[in-house]
Amino acid sequence: MQKSKGFTLVELVIVIVILGILAVTAAPKFLNLAGDAKKGTLDAVKASLQSANSVIYSKAVLQGKQKVASANVNESGTNIAVVYGYVAGTQAAVQAVLDLDGNFTVAQGVAIANAPVALATSDVMIYPANSDVPTSATTEATACFLKYTPAANATSKPTYALYGNGC
């Protein structure tokens, strides 16, 4: 009797089939890495804006401007518009406190009535530059932006809403 060396054709086919099944089940988990990265960077932008707002509010308190509906706070030689001590809901004010590169777009909100993504024109939205621009047809499933709503009065704080399902 001769000793056989190597694998039979059946064994090789079985291994190839198993590898194919593993590839088909594992691939979808790795295909959305770009979307996860966009959502993660938006989350980092949200944290940066919250931190900047804390610093600006502290300066506004020191200058006695935390109860004023509209004022300016000087931060490192830059005048930043504030509303009740927090960063105002304008494109210029948000861009002044955030050091965003060309990978993000900061824009005044467009009227989106689709709950829960509701966005007023007084809100500021920040979205990745290579994402779709939010429009009135944007839904929660297609949204990929951060919504900043400034303080409404002296006793309220600004709100931050991250919509990342469409990233």
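# Chat about a sheet, its helix and a disulfide

User: What order do the strands of the open sheet come in, and is the pairing parallel or antiparallel?

Analyst: Four strands make up an open sheet, ordered S4-S5-S6-S7, with antiparallel pairing. Strands here are DSSP runs of E with at least two residues, helices are runs of H or I with at least four, and both are numbered from the N terminus. Two strands pair if DSSP finds at least two bridges between them.

User: And what kind of model is this?

Analyst: It's a predicted model, where local features need pLDDT of at least 70 and side-chain atom pairs count only at pLDDT 80 or more, while totals for chains, interfaces and linings use all residues. Residues are numbered from 1 along each chain as its sequence is written, and side-chain values use heavy atoms, with hydrogens and water left out.

User: How many bridges join S5 to S6?

Analyst: Three, between S5 (residues 124-128) and S6 (residues 145-149), which run antiparallel. Val-124 has Tyr-148 in S6 as its bridge partner.

User: New topic: which cysteines form a disulfide?

Analyst: Cys-144 and Cys-167, with their sulfur atoms 2.1 Å apart; the cut-off is a pair of cysteine sulfur atoms within 2.5 Å. The structure holds one disulfide. It links distant parts of the chain: Cys-144 sits in the loop between S5 and S6, and Cys-167 in the segment after S7, 23 residues apart.

User: Why is the disulfide called right-handed?

Analyst: Because the torsion about the S-S bond of Cys-144 and Cys-167 is about 95°.

User: Are those two cysteines buried or exposed?

Analyst: Cys-144 is buried at a relative accessible area of 5%, and Cys-167 is buried too, at 18%. Buried means under 20% relative accessible area, exposed over 50%, and partly exposed in between (1.4 Å probe, protein chains only).

User: How many aromatic pairs does the structure hold?

Analyst: Three. Rings of Phe, Tyr and Trp (its six-membered ring) pair if their centres lie within 6.5 Å; planes under 30 degrees apart count as stacked, over 60 as edge-to-face and the rest as tilted. One of the pairs is Tyr-57 with Tyr-86, stacked at 4.4 Å centre to centre and 15° between the planes. Tyr-57 is in helix H2 and Tyr-86 in strand S3 (residues 86-87), 29 residues apart. Tyr-57 is partly exposed at 24%, whereas Tyr-86 is buried at 11%.

User: Why does the pair of Phe-145 and Tyr-163 count as tilted?

Analyst: Their planes are at 45°, so the pair is tilted, with the ring centres 5.3 Å apart. Phe-145 lies in S6 and Tyr-163 in S7, so the pair ties together parts 18 residues apart in sequence. Phe-145 is buried at 0% relative accessibility, and Tyr-163 is buried at 11%.

User: Last one: what do S1 and S2 form?

Analyst: A hairpin, with two residues between them; Ser-76 in the turn has a positive phi of about 55°. S1 (residues 71-75) and S2 (residues 78-83) pair in the antiparallel sense over five bridges, and Asn-72 has Ala-81 in S2 as its bridge partner.
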